[in-house]
Amino acid sequence: MTIEGVAFEFRADAWVLMAGLAAGYFWALRNLGPRLASDASQGRTARRQRRRFISGLLVLGVTVSWPIDTIGDGYLFSIHMLQYLIMSFVAAPLLVSGTPGWLLDALTEPIRPFVRRITRPVVALLVFNTVLVLSHWPGLVDVYLRNDPVHFGMHALWVTAALVFWMPILSPCPDRFPRLSPPLQMVYLFLSSVIPTFPASFLTWAETPFYPAYAEAPRLWGITPIQDIQAAGLVMKLGGGIFLWTFIAVLFFRWAPSQGNAPPRRAPATVETAQR
C-alpha cells in the first residue's frame, strides 16, 4: 500500500504505547475505582468517559502513524501542522474529558500544587502557545525530523501542553483544578484562536522556504516548498480557528438557554408596601 510513493509502514511502537495507556486506564478503573470513585461517578457518566478516553487514544494513535506521521515528517510541513492540530484539538480534549476526576486527583497528588499553578487559565494559555511557536522554530524542527528521541519528546510535549490547555475548560476534577465559567471559557478559546494568527500569517505570506529538510524532501502531489509552507500557515490559522470556534459555538448554545430561565429580580419594597 502506498500513497504517491509513500510506502505503508506499521508503527508498532505507537500502537504498543496506546495499548499500554489503555491497559493502565482500565486497570485503574477496575482496581482503584471501587476505592476512590464515588457512586455518582459510576454508571452512564463512566461509560461516556471510557468512550472518550479510548477515542482519544485511537485518534492519537492514527495521528502518529502512517500516513500522517510519515508524510508529515518526511515530505510536507503542512501535514505536520495538521498532525499537531489533531493531537491538540481532537485527541487532547477527548483524553481530558475521558479521565475520571478521582483518577486525575490520584495521578497528580505528588505534584498537585504545580499542576494547579500550570492549569490556571493565563498560565495554560501561555504554555500552550509558547510550545506552539517554539516547537516550530526552523532549527528545532530540523532536529525533530532527524533525531528519534527528540521526535518522541516533541510529540509528548505537544500532548502535555494541549492537556494543560484544555483543563480550564474540561477539568474532570473542578474541586482541585477549577474550570472557568462559560462566558470566560468562550473568551479563553477566542484568545486561543487569535494568538496563533501571528505566526500563521508569517507562514502564509512566506516567499522563501524556512525549513531546509522540507525544502529538500521529495515532492508530493506537485506541491512546491513555498506552497507547502503557505498551506501550513492556512492550516494553523483556519484549521485551528475552526476547531476552537466550534467549541465556542457549543459552549454558547449550552449556556445561552440557561440565561433565559433566570428568576426575575424582585423590585425593592417601597415604604407603603412595607407598611402593608
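Tutor: Happy to. P67 is found in the loop between α3 and α4 (68-74), where helices are DSSP runs of H or I with at least four residues, strands are E runs of at least two, and both are numbered from the N terminus. The bond that joins W66 to P67 is a cis peptide bond, with omega at about 5 degrees. Most peptide bonds are trans, and most residues other than glycine have a negative phi. W221 sits in the loop between α13 (212-215) and α14. Its relative accessibility is 45%, so W221 counts as partly exposed; buried means under 20% relative accessible area, exposed over 50%, and partly exposed in between, with a 1.4 Å probe and protein chains only.

Two notes on how to read all this. This is a predicted model, so local features need pLDDT of at least 70 and side-chain atom pairs count only at pLDDT 80 or more, while totals for chains, interfaces and linings use all residues. Residues are numbered from 1 along each chain as its sequence is written, and side-chain values use heavy atoms, with hydrogens and water left out.

Now to helix α11 (residues 182-194). At 1.5 Å a residue, its 13 residues should span 18 Å, and the end C-alpha atoms are 19 Å apart, which agrees; the expected span is 1.5 Å times one less than the number of residues. Buried in α11 are Q185, M186, Y188, L189, S192 and S193. These residues cover an arc of only 160 degrees around the axis, which puts them on the same side of α11; the arc is taken from the directions from the helix axis to the C-beta atoms.

Next, the rings. A pair of aromatic rings is described by the distance of the centres and the angle of the planes. A search of the whole structure finds 21 aromatic pairs, counting rings of Phe, Tyr and Trp (its six-membered ring) whose centres lie within 6.5 Å, with planes under 30 degrees apart called stacked, over 60 edge-to-face and the rest tilted. One of them, F89 with F128, is tilted, at 5.8 Å centre to centre and 50 degrees between the planes. F89 belongs to helix α5 (residues 77-97) and F128 to helix α8 (residues 121-134), so this pair ties together parts that are 39 residues apart in sequence. Both F89 and F128 are buried.

Compare F190 and W245: their centres are 5.9 Å apart and their planes stand at 80 degrees, so the pair is edge-to-face. This pair also links distant parts of the chain, with F190 in helix α11 and W245 in helix α14 (residues 225-260), 55 residues apart. F190 is partly exposed at a relative accessible area of 39%, and W245 is partly exposed at 45%. Ring pairs also link a cluster whose members include F89, F128, W158, Y188 and F247.

The structure holds 1 cavity of 30 Å³ or more; on a 1 Å grid over the protein atoms alone, a cavity is a set of points where a 1.4 Å probe fits but cannot get out, a pocket is an open set with protein on both sides within 12 Å along at least five of seven lines, and lining residues have an atom within 4 Å of a point. About 90 Å³ lies in the largest cavity, a volume being the space filled by probe spheres set on grid points joined across faces, edges and corners. Its lining has 15 residues, with L85, F89, P196, M236 and G240 nearest the centre. Helices α5, α8, α11 and α14 each supply at least two lining residues, and α14 gives the most, with 5.

The largest pocket holds about 1,300 Å³. L60, H155, A156, V159 and T160 are closest to its centre, out of 46 lining residues. Helix α10 (residues 148-170) brings the largest share of that lining, 10 residues.

The second largest pocket has a volume of about 630 Å³. Of its 22 lining residues, R52, S97, L170, R179 and R254 lie closest to the centre. Here too α14 gives the most, with 7 residues.
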